[in-house]
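Look at the model first, then read on.

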Amino acid sequence: MNPETQDDQPEPTGRLQAAVILNPIKVADVDEFRAKVDAALSERGFEDTLWLETTEDDAGYAMAKRAIDETVALVVVAGGDGTVRVVCAELARTDIPVAVLPAGTGNLLARNLGISLDLDEALSQLLDGSEQRIDSVLVKGDQLGDDRFVVMAGLGLDAAIIADAPDDLKKRVGWAAYVVSTMRNLNHPFVKIEITVDDKPPITRRARTVVIGNVGTLQANIPLLPDAKPDDGMIDLVVLAPRRISHWPRLALSLVIKSLNEGRHIQRYTGQRIQIKADRPAGRQLDGDTIENGRILSAEVDPSALVVRIP
């Protein structure tokens, strides 16, 4: 409730309600998870928590809209990166704060916001923490309606890695499944791309993969986009173009050691609007979810669009 308009309300009660949007397949014991979250919310004065579970057919769209319609004071989202993306896309520009509980394999938004991967610690950090506005990124392209992401979108190798990391392997070994998939796809074919940043002239490159990021850190704290910040009103682009498999070790090392000369195999760009146009359809992904193959990803930052809870 807005304190400036509180006196205008007929019956102010001070009641706090949260909604929890949960992807139930991402937690081992739903009842135990629910008990812990309910207890943590109750201790902070939240009442009658609204529990909304995603389904195979709906990754969170209807659930987020229900939370908005109920005018809850907080949305807690627990699921994979795809569920987090969908919920955050719906809550952009609503001013309803989002608390991201890491429950998936990647947990990239949680990692980049400094949220613990331990449930009990994450609950304390988020519910006793503070609020921060971060950017959301509007995205569109061929075979893709208007959408948003909060972490990263990509074309090429990164989409192949995600597509080739099976769910059963992710359940067994976690994010290491992406390492296995990466090794399988190191020789992913080049794609010729045209990059347009803001109003600058287009640049043509050959790339194994191209990633647009609102944040910069991958699993294992690898800084793919070391200058990317979720609240700077900018988006960042990286082009990875090792010519041979033998070039990958040095490229990987240069990602970890920022001071190491990256050479021609890594190129970076920053802007408010970035468009990638490939010469042929290629795999694409949004925040860790593969989408239909296509030639174009066009992204534009929406500054300070989303309110998140942070430690």
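Q: What share of the contacts in the protein chain with a separation of 6 or more comes from residues 24 or more positions apart?
A: This is a predicted model, in which local features need pLDDT of at least 70, side-chain atom pairs count only at pLDDT 80 or more, and totals for chains, interfaces and linings use all residues. Residues are numbered from 1 along each chain as its sequence is written, and side-chain values use heavy atoms, with hydrogens and water left out. Contact means heavy atoms within 4.5 Å. For pairs with a separation of 6 or more, the share from residues 24 or more positions apart is 68%.

Q: How many helices and strands does the protein chain have?
A: Both are DSSP runs, numbered from the N terminus: helices are H or I with at least four residues, strands are E with at least two. By that rule the chain has nine helices and 14 strands.

Q: What percentage of the 311 residues counts as buried?
A: Buried means under 20% relative accessible area, exposed means over 50%, and partly exposed lies in between (1.4 Å probe, protein chains only). Of the 311 residues, the buried part is 50%.

Q: At what angle do the axes of helix 1 and helix 5 cross?
A: Two packed helices are described by the angle between their axes and the distance between the axes. Axes are lines fitted to C-alpha atoms, for helices over the stretch in contact, and angles run from 0 to 180 degrees between N-to-C directions. Helix 1 spans residues 30-43 and helix 5 spans residues 119-127. Their axes come within 11 Å, and the crossing angle is roughly 25 degrees.

Q: How are helix 1 and helix 5 oriented to each other?
A: Angles under 35 degrees count as roughly parallel, over 145 as roughly antiparallel, 65 to 115 as roughly perpendicular and the rest as oblique. The axes cross at roughly 25 degrees. Helix 1 and helix 5 are therefore roughly parallel.

Q: Which residues of helix 1 and helix 5 make the contact, and how do they divide by class?
A: Helix 1 gives Phe33, Lys36, Val37, Ala40 and Leu41, while helix 5 gives Leu119, Asp120, Leu123 and Leu127. Ala, Val, Leu, Ile, Met, Phe, Trp, Tyr, Cys and Pro count as nonpolar, Asp, Glu, Lys and Arg as charged, and the others, Gly among them, as polar. The division is seven nonpolar, no polar and two charged.

Q: Which residue forms a salt bridge with aspartate 120?
A: A salt bridge is a side-chain nitrogen of Lys or Arg within 4 Å of a carboxyl oxygen of Asp or Glu. For aspartate 120 and its partner, the closest N and O atoms are 3.4 Å apart. Aspartate 120 lies in helix 5 and the partner in helix 1, so the pair ties together parts that are 84 residues apart in sequence. The partner is lysine 36.

Q: Are arginine 148 and aspartate 302 buried or exposed?
A: The two form a salt bridge, with the closest N and O atoms 3.0 Å apart. Arginine 148 lies in strand 6 (residues 144-149) and aspartate 302 in strand 14 (residues 289-310), so the pair ties together parts that are 154 residues apart in sequence. Both residues are buried.

Q: How far apart in space are glycine 233 and aspartate 302?
A: Glycine 233 sits in the loop between strand 10 (209-213) and strand 11 (235-240). Glycine 233 is buried, at a relative accessible area of 11%. Leaving aside neighbours within four places in sequence, glycine 233 is in contact with Asp135, Gln272, Val301 and Pro303. Glycine 233 and aspartate 302 are 69 residues apart in sequence, yet C-alpha to C-alpha the distance is 7.2 Å.

Q: Is asparagine 107 buried or exposed?
A: Asparagine 107 lies in the loop between strand 4 (98-102) and helix 4 (108-112). Asparagine 107 has a positive phi of about 50 degrees although it is not a glycine. Its relative accessibility is 9%, so asparagine 107 counts as buried.
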